Amino acid sequence: MCGIVGYVGNKQVVPLIIDGLRKLEYRGYDSAGIAVVDENNALSLRRAEGKLRNLEEAIRLNPLDGNYGIGHTRWATHGRPTEENAHPHRDCSGRIVVVHNGIIENYLPLKEMLREKGHEFKTETDTEIVAHLIEEIIKTDSLSFEEAVRKAVQQLRGIFALSIISADEPDTIISVREGPPVVIGLGDGEFFVASDIPAILQHTRDIFYLGEKEIAVLTKDSVRVTDFDGNVVEPKLHRITWDPIAAEKGGFKHFLLKEIYEQPRAVRDTVRGRVSLDTGKIYLEEMDISESEFQGLTSIKIAACGTSWHAGTAAKYILEELVRIPVEVDYASEFRYRNPVLRETDLLIVISQSGETADTIAAMREAKQAGCKVLAICNVQGSMITREADGTILTHAGPEISVASTKAFTSQIIALYIFALYLGELRGKISPEQAIKYAQELIELPLKIEQILSDSDSIEELSRDFFRSQDFLYLGRGINFPVALEGALKLKEISYIHAEGYPAGEMKHGPNALIDEKLPVVIVNTRESGNAASELRYEKTHSNIVEVKARDGIIFCVLTEGDKMSSVVSDYVIEIPEASDLLAPILSIVPLQLLAYHIAVRRGCDVDQPRNLAKSVTVE
């Protein structure tokens with residue numbers, strides 16, 4: 001979950017690495033550091049506890065420069081977030097330094113072995129042993145820097161992305177991947193390494209992802225890739241189409257607010273080219289899952305984490321309604337630990353914004369071992385799950401920098417809805433007339449989101465009445481339940497207020513005990529006119545609103561425009577445009593995102609980089 005940046009070339013290395021770390025600070029911000037080597041082969045290092053600005057101040061007070069180098073922004077796993085534990089870490093000689101994303105599981109026995117050979121350690125981290133291990137191999141086996149790295153990583157257990165430099169190997173960076181992502185950027189007489197694309201997008205759009213158990217050797221003249229055994233690997237190159245400005249704030253106070261406002265575009269881009277308005281036909285990317293295999297499915301399983309799990313839970317309602325196929329949704333972190341029952345006629349859908357979530361990758365591999373086909377819903381082409389899955393539907397949300405996910409959630413639901421339409425048509429559950437209707441509803445959705453966003457000021461005003469609250473309860477029934485879960489998650493992530501999402505129908509089974517005159521209860525109670533099931537769900541949820549009111553709870557309702565029943569008994573109301581039941585979550589979540597954002601701002605929270613969290617969870 002940490003961020004790594006490295007550069008070898010002719011540009012000024014320190015500003016380039018610091019700028020790259022700034023774009024990766026969402027991956028971790030407990031501490032930061034940089035190491036560079038100058039033309040005299042002298043290695044200099046600066047580190048600082050806390051956010052990147054502390055490292056920048058350390059460099060201002062004690063400048064450094066070099067021809068190549070590596071930097072790191074940390075999310076602590078082994079060792080407290082102190083300057084001493086900040087990366088990069090050195091060997092005994094101070095000539096080899098390493099930065100690391102991941103966990104070395106066998107670092108204690110390796111550390112003890114190295115201590116017996118005379119190595120002295122200065123930190124609590126698992127990372128430090130890597131620099132010492134390389135030093136020991138070079139000294140003992142008389143191997144080159146590259147050969148020593150190759151031998152060292154074969155002794156490591158766990159998951160790790162490493163970038164390593166040696167003052168004795170000029171203009172060279174060695175990068176290693178065993179789990180967490182590593183992006184290599186290609187330039188003219190220069191090469192880059194990073195944990196994510198935004199760090200280097202200003203300098204190059206030509207990249208490739210390092211594969212599992214692969215090593216890249218970067219010099220000014222070339223980049224060479226081999227596997228851990230030394231076999232040459234030909235990487236698959238990608239051209240990134242994102243505009244670098246898309247990864248900047250663009251005039252918004254925070255990335256989170258910018259990304260909330262980007263949702264109409266994210267929805268349009270995810271739909272574009274996949275849906276025919278004339279026929280309702282769905283066009284998906286080519287994949288290694290045939291139509292006959294889709295037709296022969298007996299069930300669908302979904303594995304995801306966090307916000308993506310909420311999108312998957314919404315997809316359960318969508319798929320079961322449109323395809324009439326049983327769907328199970330698992331937290332990816334629990335999937336392989338319950339020994340799931342998997343058949344070759346099951347499809348596993350894995351959902352991940354980054355495509356590098358460790359638990360989701362593990363769930364995917366478990367299913368593939370059992371002979372299941374795997375479909376990935378992902379925002380990053382070339383990421384691990386897109387490479388290993390049998391098929392991918394890309395969400396074209398663009399870079400999402402804020403740790404709390406917003407546009408990824410809405411675009412994931414859109415991608416899953418499109419897949420449900422495809423599968424429903426293929427399996428004869430959706431008629432041509434219905435397909436055209438569903439296509440039209442999809443096309444209209446971005447305008448409806450824009451309508452909600454135009455009323456953001458009223459939600460900001462509402463936040464005045466809530467930002468001092470200590471607890472929130474979010475309620476929803478049916479497909480509104482995952483919206484309640486996601487709304488609660490957004491609030492707790494960025495404002496640090498305790499919030500709980502709950503099925504509205506379960507109120508009598510416990511949550512009623514929480515309700516008093518101080519508890520805000522956010523209830524999602526939308527309706528689709530002419531839909532009997534929707535009307536029934538609406539009426540039942542209205543009864544829950546009345547229950548809360550009878551117990552003096554503070555009621556905040558998200559309702560469909562023109563509501564004449566639930567609005568009367570609510571203390572606060574946000575109206576959204578009418579939409580079909582299956583697409584309403586896309587609209588319902590937007591005001592809840594805005595509410596969480598404005599409350600967090602009023603509380604003085606760091607909304608883009610909330611404490612103890614990081615964007616991509618690439619370790620278990």
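**Parallel strands and their partners**

Biologist: Over how many bridges do strand 18 (residues 373-378) and strand 19 pair in the parallel sense?

Modeller: This is a predicted model, numbered from 1 along each chain as its sequence is written, where local features need pLDDT of at least 70 and side-chain atom pairs pLDDT 80 or more, while totals for chains, interfaces and linings use all residues. Side-chain values use heavy atoms, without hydrogens and water. Strands are DSSP runs of E, at least two residues, and helices are runs of H or I, at least four, numbered from the N terminus; strands pair if DSSP finds at least two bridges between them. For strands 18 and 19, the number of bridges is four.

Biologist: Which residue of strand 19 is the bridge partner of A376?

Modeller: Strand 19 spans 391-394 and is an edge strand. The bridge partner of A376 there is T392.

Biologist: In what order do the five strands of the open sheet lie?

Modeller: The pairing is parallel. Strand 16 (327-331) and strand 19 are the edges, each pairing on one side only. The order is 16-15-17-18-19.

Biologist: Why is strand 23 (residues 554-560) largely enclosed by the rest of the structure?

Modeller: Strand 23 pairs in parallel with strand 22 (residues 520-525) over six bridges. Five bridges join strand 23 to strand 24 (residues 572-576), also parallel. Buried means under 20% relative accessible area (1.4 Å probe, protein chains only). Strand 23 is largely enclosed because the buried residues number six of the seven.

Biologist: Which residue in strand 24 stands opposite T560?

Modeller: Strands 23 and 24 run parallel. Opposite T560 stands I576.

Notes: Buried < 20%, exposed > 50% of the residue type's maximum accessible area, 1.4 Å probe, protein only.
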